[in-house]
Amino acid sequence: MSRRKIIAGNWKMNKTPSEAKALAELLKPLVDNPDVDVVYCVPAIDLLPVAEVIKGTNVMLGAENVSDQDAGAYTGEISADMLVDAGVKFVIIGHSERRQYYREDDAFLNQKVLKALEKGLTPILCCGETLEQREAGVTLDWIRLQLKSDLQGVTKEQAASMVIAYEPIWAIGTGKTATSDQAEEVCGAIRKLIAEIYDTDTAEKIRIQYGGSMKPSNCRELLAKPDIDGGLIGGAALKADFADIVNYNK
Ligand code: PEP
């Protein structure tokens, strides 16, 4: 089966509301590919201004985080209901920066995945190995551990609707990209794991992105691989380069 490609920008902690609006305006005429799902995952404070700019386009809104709780006394958190009401469709969960700097572990991330799905958000669930793990030859074992626990209690219908982003930590923001063969090997292994946890139908439907220094010069080779259904883009999402990636097949 052919899966629709999904190219998502992760703006991280960049762009004030007025800068975010300006970036979305800059990209508006450039990001125009009917073959691809395009998502801007932006800081919470930028969601509403960016939603205004992308209204009427095919770009979808994404968040970078979501609370595991419904509502109430959780100072500083943002709930899935708030995101949905703001027009958000996707949410990044388990980015390596949140795992590393905010100590979010797999049990906690699992709660976020379940909450997002319950409320109708599509998780972009990130996984990936450190350089030490790759050199020790434990990449696939590690990703298996991460995904098995992040997906606890997720039904096969829910899993089929999700996006998984394979992001080798050593390639994020470093300019070092995994080769297309390295990326395909892991994305293919993730699909096999999904078939093992659920079934082949679910594995065929789930979309798997590669993320890690993806840019116009390497995106075509990566996106040509059979198990790579898109990209999660950090640095290159903050400039016109993002449009070149979205238009990879033109
Ligand atoms: C990311 O943070 O998800 C990412 C892939 O960043 P970069 O493209 O800058 O490596």
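Close-up 1. Lys 12 is found in the loop between β1 and α1 (17-27), where helices (H or I, at least four residues) and strands (E, at least two) are DSSP runs numbered from the N terminus. This is a predicted model, in which local features need pLDDT of at least 70 and side-chain atom pairs count only at pLDDT 80 or more, while totals for chains, interfaces and linings use all residues. Residues are numbered from 1 along each chain as its sequence is written, and side-chain values use heavy atoms, with hydrogens and water left out. Phi of Lys 12 is near 55°, a positive value in a residue other than glycine. Lys 15 has its place in the loop between β1 and α1, and its phi, near 85°, is likewise positive in a residue other than glycine. With a relative accessible area of 30%, Lys 15 is partly exposed; buried means under 20% relative accessible area, exposed over 50%, and partly exposed in between (1.4 Å probe, protein chains only).

**Close-up 2. The surroundings of Ser 67.** Ser 67 is found in the loop between β3 (59-63) and α3 (80-85), and at 3% relative accessibility it counts as buried. A polar atom of the Ser 67 side chain lies 2.9 Å from the backbone nitrogen of Gln 69. When its neighbours within four places in sequence are left aside, Ser 67 is in contact (heavy atoms within 4.5 Å) with Glu 77, Ile 78, Ser 79 and Lys 115.

Close-up 3. Side chains of opposite charge can pair when their charged atoms come close. A salt bridge is a side-chain nitrogen of Lys or Arg within 4 Å of a carboxyl oxygen of Asp or Glu, and by this rule the count comes to 22 salt bridges. In one of them the side chains of Arg 3 and Glu 204 meet, at 3.3 Å from N to O. Arg 3 lies in the segment before β1 (5-10) and Glu 204 in helix α10 (residues 200-205), so the pair ties together parts that are 201 residues apart in sequence. Arg 3 is buried, with a relative accessible area of 15%, whereas Glu 204 is partly exposed, with a relative accessible area of 32%.

**Close-up 4. The salt bridge between Lys 156 and Asp 199.** The closest N and O atoms of Lys 156 and Asp 199, which form a salt bridge, are 2.9 Å apart. This pair links distant parts of the chain, with Lys 156 in helix α8 (residues 156-161) and Asp 199 in the loop between α9 (180-197) and α10, 43 residues apart. Lys 156 is partly exposed, with a relative accessible area of 37%, and Asp 199 is also partly exposed, with a relative accessible area of 21%.

**Close-up 5. Glu 104, Lys 112 and the lining of a cavity.** Glu 104 forms a salt bridge with Lys 112, the closest N and O atoms being 3.2 Å apart, and both residues are buried. The lining of the largest cavity includes Glu 104 and Lys 112, together with Glu 64, Asn 65, Val 66, Ile 92, Ile 93, Gly 94, His 95 and Arg 98. On a 1 Å grid over the protein atoms alone, a cavity is a set of points where a 1.4 Å probe fits but cannot get out, and lining residues have an atom within 4 Å of a point.

Key:
Polar contact = N/O pair within 3.5 Å; in protein donor to acceptor, adjacent residues only side chain to side chain. 1 Å grid on protein atoms, 1.4 Å probe; cavity = no way out; pocket = protein on both sides within 12 Å on 5 of 7 lines; lining within 4 Å.
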